[in-house]
Amino acid sequence: MKLLRYGPVGEEKPGLLDEEGRIRDLSGLIPDICGDTLCDASVAKLRDIDPASLPLVSGEPRIGACIGRIGKFICIGLNYADHAAESGLPVPAEPVVFAKWTSAVCGPNDDVEIPCDSVKTDWEVELGVVIGCACKNVDEEDALDYVAGYCVVNDISEREWQIERGGQWDKGKGFDTFGPIGPWLVTRDEVVDPQKLELWLEVDGHRYQSGSTKTMVFTVAHLIAYLSRCMSLQPGDVISTGTPPGVGMGVKPSPVYLKPGQTMCLGIVGLGEQRQRTRAAERGFVWESR
């Protein structure tokens with residue numbers, strides 16, 4: 001089952017994708033794709049519904065992040081050995097853990113802002129794992145039972161802020177729009193093995209990243225078990241599991257970084273695709289309350 005959220009920013013409604021690729025409205029059954037609606041019992045009820053019985057959504061609405069009200073957006077660094085090598089860093093002995101601010105979350109096809117004065121904004125296609133049941137101190141062999149589903153994440157990064165300005169990765173990872181998630185959440189029953197998924201990313205039609213989750217240093221199950229010892233994991237928490245090689249920072253002989261007016265296309269086979277246009281962040285922007 002493919003669950004999604006559609007509609008204007010801040011007004012997204014829950015939906016599902018039927019077998020013909022059409023959006024069906026779930027707002028009469030659940031308030032959102034978040035929290036308790038991701039538990040096994042709730043997902044099982046949704047799976048039993050005939051999609052044809054749900055209202056058909058007309059037109060081509062905006063697709064929002066496939067998870068609403070995210071509590072924690074946890075990321076893993078250097079989780080592919082060849083990406084660590086292109087970054088000039090050793091393969092980690094334990095998972096490298098950092099966070100994105102939830103204000104970075106945006107829809108899979110929303111514009112991505114290049115921060116003011118940025119010269120090193122980069123891309124990273126990643127497998128996203130969404131927690132469905134609260135857990136703490138879980139064993140690796142049981143870890144995947146706590147997963148609601150999987151999705152595509154673009155872990156956009158500003159490398160100067162990440163590496164050169166005090167050594168705190170979070171600063172370079174959490175700019176607004178730096179966390180496109182979706183287009184949909186594919187429930188775990190449809191993903192036989194999360195370690196056999198192909199990932200790819202292109203910028204302006206040039207393929208930079210091609211990889212497979214089979215080459216992860218730490219598997220999804222290992223990451224969940226490890227993180228559950230650092231913190232309790234809650235329904236709706238998102239774990240972005242690391243990127244394969246081919247990021248702009250690693251291009252030889254000279255790195256390549258994003259600039260306004262470019263198009264990123266990325267995806268994971270079976271989990272959907274994203275498409276983002278880059279634009280310059282506005283200076284002196286004033287946020288108007290709704």
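## Positive phi angles

Asn137 sits in the loop between β9 and β10. The model is a predicted one, and in it the phi angle of Asn137 is near 55 degrees, a positive value in a residue that is not glycine. Asn137 counts as partly exposed because its relative accessibility is 46%, and partly exposed covers the range between the 20% limit for buried and the 50% limit for exposed.

Asp204 also has a positive phi without being a glycine, at about 50 degrees. Its place is the loop between β14 (198-203) and β15 (206-212). With a relative accessible area of 46%, Asp204 is partly exposed.

## A patch of negative charge

Which residues gather in a patch of negative charge on the surface? They are Glu140, Glu141, Asp142 and Asp145. Asp145 belongs to the loop between β9 (125-131) and β10 (147-154). The relative accessible area of Asp145 is 44%, so this residue is partly exposed.

## Cis peptide bonds

Gly182 and Pro183 are joined by a cis peptide bond with an omega of about 20 degrees. Pro183 is in the loop between β12 (179-180) and β13 (185-187).

Another cis bond runs from Lys252 to Pro253, where omega is near 5 degrees. Pro253 is located in the loop between β16 (238-240) and β17 (263-268).

## The annotated domain

An unreviewed UniProt entry carries the annotation "domain: Fumarylacetoacetase-like C-terminal" for residues 72-277. In the model, this span is 14% helix and 32% strand.

Technical notes
Residues numbered from 1 in each chain as written. Predicted model: local features only at pLDDT ≥ 70, side-chain atom pairs only at ≥ 80, totals over all residues. Heavy atoms only, no water. Patch = residues over 30% accessible without salt bridge, like charges linked within 9 Å, V, L, I, M, F, W, Y side chains within 5 Å. Areas by Shrake-Rupley, 256 points an atom, 1.4 Å probe, with all protein chains shown as cover. Salt bridge = Lys/Arg side-chain N within 4 Å of Asp/Glu carboxyl O. Lys, Arg positive; Asp, Glu negative; His and termini not counted. Charge placed at Lys NZ, Arg CZ, Asp CG, Glu CD. Helix = DSSP H or I, 4+ residues; strand = E, 2+ residues; numbered from the N terminus. Buried < 20%, exposed > 50% of the residue type's maximum accessible area, 1.4 Å probe, protein only. UniProt positions renumbered as here; feature names shortened; annotations may be inferred.
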